[in-house]
Structures are given as C-alpha cells and as structure tokens.
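Hello,

Here is the structure I promised to pass on to you.

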Amino acid sequence: ALCIASACGVEQEEHHPDVLFLLIDTLRADRLGCYGYERPTSPVIDELAEGGAVLTRASSQAPWTLPSMSSMITSRYFTAHRDFPDAGDPTLAESFQAGGYHTIGVAGNTLLEAEHGFGRGFDEYMVAPGGSKRTFPELLDLLREPLDAALEGEERDPLFLYFHAFDPHAPY
C-alpha cells in the first residue's frame with residue numbers, strides 16, 4: 001500500500017513523537033523496576049518505561065561524567081574526543097533540531113556547561129545553578145516556563161527534552 005501511495009503521489013503524513021531523554025547521574029539500573037528489580041523503588045520511572053523505549057544493553061564509555069556524556073551525545077568513543085564533544089561531531093540535540101524538533105535541555109550537573117559544547121543544538125539549555133544542590137523537583141521548576149511555551153498550540157513542533165538529574169550523585 002505504501003508503494004502504491006508513493007507512486008500515486010499521495011503524501012504520507014509524518015508523525016514525530018515527543019521524545020524525553022531522561023538521564024539520572026549515578027542511578028543504578030539494577031535498582032529500578034523496569035530493569036527487573038523486585039522492590040518498588042521506581043514506580044514513576046517504571047510507568048514511563050512502559051510507554052517508551054528502555055535501553056537494555058547500554059554501558060558507560062568512561063568512569064566519569066565528561067567523557068561519558070560526550071560519548072552519549074555524539075555516539076563516539078571517549079578516545080575520539082576526551083572530555084568535551086568535538087565541534088565537528090553532531091550532537092543528539094543537533095540531530096533532533098535538524099529533524100524539526102524544538103529542543104530543550106536541563107542539566108543538574110554543573111560540568112555540562114553550554115560553552116563546552118553540551119548545549120549545542122538546544123533551542124534552550126540550562127545548567128542548574130548550584131548543580132548537585134538542585135533536586136529533581138527544582139530542575140522541573142526551571143523547565144516549567146520553556147516547556148509550557150514549547151507545548152502551546154495545536155500546530156507546535158515535536159519536542160526533544162533532555163533532562164539530566166543529579167540527585168543520587170549528591171551524597172557522594
């Protein structure tokens with residue numbers, strides 16, 4: 001049917017779903033219900049996982065934040081960039097932006113400053129002042145205004161939201 005529709009010149013309506021990239025610094029996957037943990041430690045994350053994609057074969061590229069995050073947002077091994085994303089490597093946010101997405105990012109880790117390349121491709125990017133002193137709800141408060149604006153209207157662009165919480169890391 002798709003071949004016939006394309007041959008007849010019928011345009012298929014593209015649907016681009018909103019995407020939430022939720023990253024929680026230092027949170028162990030083996031302590032989340034969506035990864036099989038039996039105790040009810042993560043009911044909200046488990047519910048989000050039921051309606052989304054859960055990565056089951058992921059591993060860190062480096063033992064600390066900067067090279068790990070650079071690898072995550074550029075899909076490059078840390079040996080290709082060291083601590084910060086190279087200017088020539090497109091970031092995840094740049095790819096979504098090029099695909100017509102409105103891109104918003106918030107990071108609770110003060111190492112992920114925009115001027116080091118972590119903000120590339122975001123229409124709006126915020127690093128929480130105070131970093132590890134900001135809780136998950138406080139990061140949500142930072143997002144309230146830009147998120148409300150991005151979700152306004154029926155003819156809005158799809159949304160790519162990068163949310164990097166730091167709560168479990170703070171005690172260490």
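Below is what I found, starting with the chain as a whole.

This is a predicted model, in which local features need pLDDT of at least 70 and side-chain atom pairs count only at pLDDT 80 or more, while totals for chains, interfaces and linings use all residues. Residues are numbered from 1 along each chain as its sequence is written, and side-chain values use heavy atoms, with hydrogens and water left out.

The chain has five helices and four strands, taken as DSSP runs (H or I, at least four residues, for helices; E, at least two, for strands) and numbered from the N terminus. Along the sequence they come in the order α-β-α-α-α-β-β-α-β. Of the 172 residues, 33% are buried, meaning under 20% relative accessible area with a 1.4 Å probe, protein chains only.

Now to the inside. A nonpolar core here is a set of buried Ala, Val, Leu, Ile, Met, Phe, Trp, Tyr and Cys residues joined through side-chain atoms within 4.5 Å. The largest one has 15 residues, and Met69, Leu112, Phe118, Phe122, Tyr125, Phe160 and Tyr162 touch the most other members. At least two residues of this core come from each of α3 (65–74), α4 (92–98), β3 (124–127) and β4 (159–165), and α3 gives the most, with three.

Best wishes

How values were computed:
Buried means under 20% relative accessible area, exposed over 50%, partly exposed in between (1.4 Å probe, protein chains only).
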